[in-house]
Amino acid sequence: MARGVSPRLPAKSGRQDRVRGRAVSGPPAKDGLRLPAKGRAKPKAVEAVSPKLVEGYDPLAPERIKGILRHLDQLYPAATCALHHRTAWELLVATILSAQSTDATVNRVTPALFEKYPTVRDFAALTPEQLEPDVRSTGFFRNKSKSVVGAAKKIVSDFGGQVPEEMDKLLTLPGVARKTANVVLGTWFGRAEGVVVDTHVQRIARRWELTKNQDPQKIEQDLMKIIPHERWILFSHQVIHHGRNLCLARRPRCVDCPIEPLCHAADKTWTTVAVHQGAKG
Ligand code: SF4
């Protein structure tokens, strides 16, 4: 354990005292995200400790959830979807292409793609094989081509060429599961029908002990019970940004993370509080 760092047991309320000097004071970054102040001394990583949980500790305590949401608001006040799009159809295509890929890669591909095929009807007229070369660099291009062309054909044949704005109808489109549907509904239509659970939300919800599940659909149900409905859309975007900026999969930047006093993740790289072996991404 690093010298001078004493892990603390979690409070029964689930709320931890603020650690002195950890206030977010950095200026808003250009993309509207607020990043932590730089220049703090970086203690070495501490070994994970696993003291007995304080009796009555509740990771879902409302005060703890509110604290996490407050920090997310300070860190990422303007978080939104990073996939470039001008229409619901373009967002749907970009989201399908983003599976197992990065938003940056998708954003490099889509401008030329939508210039070549400007409307959903242009896509519906293709075979998957014709689309494959245009989406190859996003990976899994055969399946993605099938999904995009299949979704276009169904939107044209069943929904008059308009992307539907109901969850049950979106889920009938090839290649569209709840994550993709939630992105389109929340980001384009402003409809909070669920919580987007991508790889970042999945990992971080588990680190924060907001769920014990691994399955994205079960995680979504758990989050929908504890995150206020009006926060569902923003919460997803904020957590995704947190997963990209600080709460990285392999080496989370815990020393820079203002949420650290509330986080008991076993795979933290630095801690001032007790870690819980079950809290893992
Ligand atoms: S303290 Fe570390 S593991 Fe916890 S939320 Fe912050 S970056 Fe993630």
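Seven of its nine residues are buried, so helix 9 is largely enclosed by the rest of the structure; buried means under 20% relative accessible area, exposed over 50%, and partly exposed in between, with a 1.4 Å probe and protein chains only. Show side chains for the buried residues: His200, Val201, Arg203, Ile204, Ala205, Arg206 and Arg207. They pack against helix 10 (216–226) and helix 11 (232–245), contact being heavy atoms within 4.5 Å.

This is a predicted model, in which local features need pLDDT of at least 70 and side-chain atom pairs count only at pLDDT 80 or more, while totals for chains, interfaces and linings use all residues. Residues are numbered from 1 along each chain as its sequence is written, and side-chain values use heavy atoms, with hydrogens and water left out.

Arg207 is one of the residues surrounding the ligand, along with Trp208, His242, Leu246, Cys247, Pro252, Cys254, Cys257, Glu260, Cys263 and Lys268 (a residue counts if one of its heavy atoms lies within 4 Å). Colour this shell by type: seven residues are nonpolar, one is polar and three are charged. Here Ala, Val, Leu, Ile, Met, Phe, Trp, Tyr, Cys and Pro count as nonpolar, Asp, Glu, Lys and Arg as charged, and the others, Gly among them, as polar.

Next, select Trp89, Phe123 and Leu223. Of the 65 residues in the largest nonpolar core, these touch the most other members; such a core is a set of buried Ala, Val, Leu, Ile, Met, Phe, Trp, Tyr and Cys residues joined through side-chain atoms within 4.5 Å. Helix 2 (residues 88–97) supplies the largest share of this core, eight residues. Around Trp89, leaving out residues up to four places away in sequence, the contacts are Thr119, Val120, Phe123, Val148, Ala151, Ala152, Ile155 and Val163.

Then go to Thr187 in helix 8 (residues 178–188). Thr187 counts as partly exposed because its relative accessibility is 23%. With residues up to four places away in sequence not counted, Thr187 touches Cys81, His85, Leu91, Asn182 and His237. Draw a distance from Thr187 to His237: their C-alpha atoms are separated by 9.5 Å, although the two residues are 50 residues apart along the chain.

Finally, zoom out to the whole chain. The secondary structure comes to 11 helices and zero strands. Of the 281 residues, 51% are buried.

Key. Helix = DSSP H or I, 4+ residues; strand = E, 2+ residues; numbered from the N terminus.
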